[in-house]
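Hello,

Here is the structure I said I would pass on. My notes on it follow below.

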Amino acid sequence: MRGETDMETPQRTQLKISGMTCANCTSAIERSIGGLEGVGSVDVNLGNETAMVDYDPALVTIADMEQAVVDAGYEVISESAVIKVGGMTCANCTTAIEKALGSLDGVSQVNANLGNEMVYVSYNPRTVTLKDMKQAIEGAGYEYLGTEDELEVDQEEEALRRNLAGKRNRFLVGFATAIPMMVIMQLDVEMPDWAPWAMFLIATPVFIYTSDQIFMGAARSLRHRLLNMDVMYSMGIGVAYASSVLATFGVLPMEFIFYETAIMLASFLMIGRFLEARAKGKTSDAIKKLIGLQPKTAIVVRDGEEIEVPTESIEVDDVVVVRPGEKVPADGVVTVGNSYVDESMITGEPIPNEKGPGDTVVGGTLNTNAVLRFRATKVGRDTVLAQIIKMVEEAQGSRPQIERIADRAVSWFIPVVLFIAISSFLIWYFVLDAEALFATQVLIAILVVACPCALGLATPTAVTVGLGRGAELGILIKNGDAIEVPDKLTTMIFDKTGTLTEGHPSVTDVVPIGVDEGELITLAAAVEKGSIHPLAEAVVKRAEDDGIAIPAASGEETFSGKGVVATVG
């Protein structure tokens, strides 16, 4: 235990550490943490593998202490959370969220992903809580939608639906108002004196409704001393609307009325936001399909009775019953029964594997032809399927080098555009003696047209969609950086032939002995028609492709591992 130093406002935290084996380990960790400026007492307990630290948060952070433990050769055990956040529109939004969460004492790592609107956080639960993170996110002006565990797929889809509906309604209302106003303004007719006031009364509520999200995003960004696209947009449409109001009240000439322009630009921006939100919503389709492999309910034997329970209620050592055609709800070991299980969604192998007592089964796979009973060994987050889903999500949350470059480019792009826009206005008006109307139009055009949306959004969306599409095709990619490697590959080595198949068997050759080929296919298809085994389906498909009418069969009898016998006709 290290001695205490003088601290005005000491705080205490507990670090969970792994890798300690003896008293020398505790001494090494105490020296490493205690050597940091701002650390007071350090008490490392070998028995429960924890370190109690008194420290001055003004001088040292928990992340610094965790790094000191790692530098000493040990590992800090942190918890992780995946948080769904609403309101992110550009790379600077991810920066704002990362800064807000990263400032919390106890948060060691934050990675916000714009493509799937998820934030991946590693934190010390003994120091900071999810409630603290929620407050930090909402304090930054964004919407805390819940953690990944709290959000059901249906809830996430409902939130996306509401988001899309709100954006769609805004641009529809905007266009319905702006287009008639634009047509009237283009007509070569003399406007009555009351026309500007009528346009003011009609345009103002529509402009507020259409652009409120843009201005709120700009205010949120400026509050955190960041420049994002909303700041550029709000300046462009804000100048157009403000000049229109000043012209209506007689401060500026009537030529400065741009009500229809302000609403039209805001509506176009909302169309862009709508398309972005819809594209980001599709990036999670692969995860949803993987989650869809998990059955929602399961049959469990408790107190000698078979009862149906939610899959998440299965406990380790529960005896689970899986009927033919049902999905296996958890990982386990077969205790009773023999059946073929289709594991293609996990292994990629199209032929079902025979399972009997002592064999392992994997959650998410399909039981095909007989009842199985198995003892659950891994449930919930510990199953193979859950680990696959977690790996895909973590890969989608990773930030490859190309995305980091794009984020840096966006952070410089916006200030440069603002400088060019303002400079253009000043040069045209004061240096080149252009009319104020023309200089204002140049300012608005630059602010609105110079949009780095594609730069900031395309890369994370492409990474997320690519990883998700790979998961759909059975290709699991561990991180985003791996996507940048394939164009440099010259050789690809596969470990088994099953990886290179089409994913389902087919009949390639028919060798009849003492019988016509057509008759042989007819008899075989009749016997196999009632089976869901992939080999049986391949025989039936061959008959159908040959245009053969498949007769009925009766008295089917299956011999496990050998075949089936039936009477045709």
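Notes on the model

In the protein, residues 24 or more positions apart account for 68% of the contacts with a separation of 6 or more, a contact being heavy atoms within 4.5 Å. The model is predicted, so local features need pLDDT of at least 70 and side-chain atom pairs count only at pLDDT 80 or more, while totals for chains, interfaces and linings use all residues. Residues are numbered from 1 along each chain as its sequence is written, and side-chain values use heavy atoms, with hydrogens and water left out.

The secondary structure comes to 16 helices and 19 strands. These are DSSP runs numbered from the N terminus: helices are H or I with at least four residues, strands are E with at least two. Of the 569 residues, 44% count as buried. Buried means under 20% relative accessible area, exposed over 50%, and partly exposed in between (1.4 Å probe, protein chains only). The protein exposes about 29,400 Å², and carbon and sulfur atoms supply 57% of that area; accessible areas come from the Shrake-Rupley method with a 1.4 Å probe, and for residues only the protein chains shown count as cover.

Helix α15

α15 has twelve residues and reaches 16 Å from its first C-alpha to its last, close to the 16 Å expected at 1.5 Å a residue. The expected span is 1.5 Å times one less than the number of residues. At the N-terminal end, aspartate 516 caps α15, with a side-chain oxygen 2.9 Å from the backbone nitrogen of glycine 518. The buried residues of α15 are Ile521, Thr522, Ala525, Ala526 and Val527. They pack against α16, β18 (553-559) and β19 (563-568).

Glycine 530 is exposed, at a relative accessible area of 73%. From its C-alpha to that of valine 540, ten residues away in sequence, the distance is 9.6 Å.

Positive phi

Most residues other than glycine have a negative phi. Aspartate 303 has a phi near 55 degrees and lies in the loop between β9 (297-302) and β10 (305-310). Aspartate 433 also has a positive phi, about 55 degrees, and sits in the loop between α12 (401-431) and α13 (436-449). Are these residues buried or exposed? Aspartate 303 is exposed, with a relative accessible area of 83%, and aspartate 433 is exposed as well, with 65%.

Regards

How values were computed. Polar contact = N/O pair within 3.5 Å; in protein donor to acceptor, adjacent residues only side chain to side chain.
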